[in-house]
Amino acid sequence: MTTGGFSLGQPTPSVKATTIIAIAFEGGVVIGSDSRVSAGASVVNRVMNKLSPLHDKIYCALSGSAADAQTMAEIVNYQLDVHSIEVGEDPLVRSAATLVKNISYKYKEELSAHLIVAGWDRRAGGQVYVTLDGLLARQPFAIGGSGSSYIYGFVDAEYRQGMTKKDCQEFVVNALALAMNRDGSSGGVAYFVTIDKDGTDEKCILGNKLPTFFDE
Amino acid sequence: MLKCFTDNRFNTHGQRLTVHFDSPNLYGAVPEVSPAKGDPSSAHRPINTTTIMAVEFDGGVVIGADSRTTTGAYIANRVTDKLTKVHERIFCCRSGSAADTQAIAEAVSYQLGFHSIELDEPPLVQTAANLFKQMCYRYREELMAGIIVAGWDKRKGGQVYTVPMGGMLVRQPVSVGGSGSSYIYGFIDSNYKTGMTKEECLRFTADALALAMERDGSSGGVVRLAAITEAGLERSVILGNQLPSFSA
């Protein structure tokens with residue numbers, strides 16, 4: 001795709017090669033990602049935090065084209081700030097997800113990014129929304145990015161209803177570690193954020209501290 | 001570029017099969033009465049886009065596969081048997097083009113039978129795996145075949161060798177293949193343990209295949225399992241409504 005009459009000869013930075021995951025529990029959510037940004041075969045950033053705050057208790061996880069995803073997150077961050085001032089209280093997670101969906105859908109031909117929106121609000125507690133291709137759907141958990149293909153079986157088998165906060169954190173870290181092992185385009189460190197009524201807690205697990213499996 | 005040759009075999013309707021190649025990714029056999037030659041949209045070749053799996057345990061191997069064969073969007077066979085015997089204690093799991101893998105398995109089965117008569121003892125699994133590899137590597141441009149070879153022999157017990165597309169050969173304690181395999185790498189990595197018993201391996205294989213069939217549109221039907229040990233072969237089938245289910 002060319003813009004302005006010239007074309008970029010080299011591949012553009014992309015976080016599509018990525019693994020993102022979010023899971024809701026009673027009273028909050030855990031959202032996590034790997035940290036690799038690649039441009040073709042080169043890793044241009046090996047410690048990128050793909051979990052972007054949209055508001056105090058609402059985060060989104062970025063995948064797809066790095067530029068598109070970051071810009072969408074920034075725009076929605078601004079729109080949410082305006083919205084929360086207008087209504088005079090913290091915005092709903094569903095509002096944030098709807099704003100992301102509106103951009104995804106309106107510019108679906110031009111943009112190539114998928115954001116998973118997750119957070120906590122007073123009305124509905126912990127929620128996870130997917131906005132792929134401009135749809136909006138709430139799910140108990142969601143995975144995305146190229147690395148997610150390898151962990152569909154794992155998350156289907158491991159997810160149970162009624163998991164606690166700690167269970168969810170382990171679930172996210174295990175899922176990220178498994179995907180990062182198998183997907184050449186995911187790697188680095190694992191970031192995860194736990195959001196509940198008391199606040200947000202950001203954590204980073206370094207590569208050598210990630211869970212290991214039978215062949216390591 | 002269109003190349004074709006006639007394969008002297010017949011499909012189940014008694015029609016002579018002609019193999020057409022018109023793109024690097026579409027292979028298979030179509031009846032000679034198919035649409036005009038050179039029609040690039042004749043993508044209706046039987047394909048086993050599938051999920052196959054094999055696990056070693058002490059004393060043998062467990063192999064498993066789904067049962068779906070598709071030609072385009074139509075499921076040509078919903079009860080396919082993708083676990084093919086190449087010798088008494090050596091089986092292969094087939095994925096990719098149905099025609100290619102059947103032809104390769106028949107050729108290897110013949111070669112193994114001959115070799116076993118010469119040797120006057122059962123062939124080694126490694127021998128069978130190498131025969132598959134030689135054929136898949138030599139004809140790598142023409143074939144679309146991902147094969148897992150598994151069996152038992154006296155020298156090394158239960159062994160699993162994988163020969164993916166391209167024709168490499170490597171032995172692994174557990175191996176998965178086919179389009180549905182992508183979805184279960186995470187499950188396999190986290191749930192496989194060394195030292196599992198035959199029953200644990202059967203349960204592990206059935207769970208993994210059920211998960212893959214749930215997510216992969218090209219895999220489905222029933223789960224066919226086989227356990228190969230020194231004592232012999234035990235085949236079983238898990239019907240669709242008896243598959244393990246997961247809360248998601």
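## The interface between chains A and B

In this predicted model, 17 residues of chain A are in contact with 18 residues of chain B; contact means heavy atoms within 4.5 Å. The size of an interface is often given as the accessible area lost when the parts come together. Here chain A and chain B bury about 1500 Å² between them, with 64% of it on carbon and sulfur atoms. Buried area is the accessible area (1.4 Å probe) that two parts lose on being put together, summed over both. Y150(A), D156(A) and F214(A) supply 38% of the area that chain A buries against chain B, more than any other three residues.

The interface also holds 2 salt bridges, a salt bridge being a side-chain nitrogen of Lys or Arg within 4 Å of a carboxyl oxygen of Asp or Glu. R215(B) forms a salt bridge with D156(A), and their closest N and O atoms are 2.9 Å apart.

## The chain A side

Helix 3 (152-158) and helix 4 (165-182) of chain A each supply at least two residues of the side that touches chain B. The largest share, 6 residues, comes from helix 3 of chain A. Helices (H or I, at least four residues) and strands (E, at least two) are DSSP runs, numbered from the N terminus.

The residues on this side of chain A divide into 10 nonpolar, 2 polar and 5 charged. Ala, Val, Leu, Ile, Met, Phe, Trp, Tyr, Cys and Pro count as nonpolar, Asp, Glu, Lys and Arg as charged, and the others, Gly among them, as polar.

T18(A) is found in the segment before strand 1 (20-25) of chain A. T18(A) is buried, with a relative accessible area of 0%. Buried means under 20% relative accessible area, exposed over 50%, and partly exposed in between (1.4 Å probe, protein chains only). Leaving aside neighbours within four places in sequence, the contacts of T18(A) include D34(A), K50(A), G145(A) and D183(A).

S35(A) lies in the loop between strand 2 (28-33) and strand 3 (37-39) of chain A. S35(A) is buried, with a relative accessible area of 0%. A polar atom of the S35(A) side chain lies 2.9 Å from the backbone nitrogen of V189(A).

## Salt bridges

Over all chains, the count comes to 14 salt bridges. One of these joins K82(B) and D66(B), whose closest N and O atoms are 2.9 Å apart. K82(B) lies in the loop between strand 8 (74-77) and strand 9 (83-87) of chain B, and D66(B) in the loop between strand 6 (60-65) and strand 7 (69-71), so the pair ties together parts that are 16 residues apart in sequence. Both K82(B) and D66(B) are buried.

In chain A, D198(A) and K197(A) form a salt bridge at 3.6 Å between the closest N and O atoms. Both D198(A) and K197(A) are exposed.

## Basis of the values

Residues are numbered from 1 along each chain as its sequence is written, and chains are lettered from A and ligands numbered from 1 in the order in which they are written. Local features need pLDDT of at least 70, side-chain atom pairs count only at pLDDT 80 or more, and totals for chains, interfaces and linings use all residues, while side-chain values use heavy atoms, with hydrogens and water left out.

Definitions and conventions:
A polar contact is a pair of N or O atoms within 3.5 Å; within protein, one must be able to donate a hydrogen and the other to accept it, and residues adjacent in sequence count only if both atoms are side-chain atoms.
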